[in-house]
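Visitor: Please show me the structure. I would like to ask about the labels used for it.

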Amino acid sequence: MIIETASKCNLKCVMCPQSLPRDNEHAVKRPKFLEDDLIDKIVPFVKNLKAVQLHGIGEPLISSSFWKLLKHISKDCWADVSTNLTILTDQMIDDLLNSNLNVLNVSLDAANKETYQKIRMYDFDTVLNNLSNFVDEKKSRKQKYPVVYTNMTLMKENIHQIIDFMNLTIGKLGCDTVTVWPMNNWGEANHNYNRAYKDWTFNYDEQGLWDYEFVYNQKIREAKAYAQERGWDFIGYEFGQTET
């Protein structure tokens, strides 16, 4: 089951529908958070799930419904959540580590603060500090789960940073896995995302990698070889590839 605990997000990343103006037909216009009465209705099903994804288009950690449902995930269920990790309190760390969550997947998209600021427009150091605090506390408790993934949505602006990204998140911070994927090609809808920001002008088609398959595949192969040499876990697919 996929449960979108939040369709609201506290970031407006350049390649995400959350960045679109409300009057745009592709903007996110669903209810902001999963309603309490609906949570009560699905809890009996959640308790018996074998696998669940607790996120959709929004940021789950800012939603009370995520934290309510997390308590009902059984140890027999494979549960994962994707988060920007911009907000992480000591209580949140404790709740996550005391849950049956299997994967905490953190979206970063960059190996340095300059690129992160362009794509995600938030403070890079704050997120890295949150990530470090979580990993350190998990290690202090000698827990295997949740395993910590960090991910990149690849575009021309950041594709050359994959190895630096692994060095940062796995090598320095001690995360478990790096996973990457190319930015989606929405066809005619791509132009909806084009706009001038303070530090750069984002053009979706120019940043997309679908016309640069050779470069993309080369960078994926380089990253795989680099990770294999170090015994690191890297997940990334070449264009036209269905499995590693």
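Visitor: Where is D109 found?
Guide: This is a predicted model. D109 is found in the loop between β3 (103-107) and α4 (113-120).

Visitor: Why is D109 called buried?
Guide: Buried means under 20% relative accessible area. D109 has 0% relative accessibility, so D109 counts as buried.

Visitor: What makes the pair of D109 and T153 a polar contact?
Guide: The side chain of D109 reaches the backbone nitrogen of T153 at 2.7 Å. The cut-off for a pair of N or O atoms is 3.5 Å, with one able to donate a hydrogen and the other to accept it. The distance of 2.7 Å is therefore within 3.5 Å.

Visitor: Which residues is D109 in contact with, leaving aside neighbours within four places in sequence?
Guide: M15, I119, R120, N151, M152, T153, N158 and F165.

Visitor: Which residues lie nearest the centre of the largest pocket?
Guide: C16, I57, S107, R120 and T153 lie nearest, in a lining of 28 residues. Two or more lining residues come from each of β2 (78-83), β4 (147-154) and β5. About 640 Å³ of space lies in this pocket.

Visitor: How does the lining of the largest pocket divide?
Guide: Into 14 nonpolar, 11 polar and 3 charged residues.

Visitor: Where is E188 found, and why is E188 called exposed?
Guide: E188 is in the loop between β5 (177-182) and β6 (195-196). Exposed means over 50% relative accessible area. E188 has 75%, so E188 is exposed.

Visitor: How far apart are E188 and D205?
Guide: They are 17 residues apart in sequence and 9.7 Å apart in space, C-alpha to C-alpha.

Key
Residues numbered from 1 in each chain as written. Predicted model: local features only at pLDDT ≥ 70, side-chain atom pairs only at ≥ 80, totals over all residues. Heavy atoms only, no water. Helix = DSSP H or I, 4+ residues; strand = E, 2+ residues; numbered from the N terminus. Buried < 20%, exposed > 50% of the residue type's maximum accessible area, 1.4 Å probe, protein only. Contact = heavy atoms within 4.5 Å. 1 Å grid on protein atoms, 1.4 Å probe; cavity = no way out; pocket = protein on both sides within 12 Å on 5 of 7 lines; lining within 4 Å. Points joined across faces, edges and corners; volume = space filled by probe spheres on them. Nonpolar A, V, L, I, M, F, W, Y, C, P; charged D, E, K, R; others polar.
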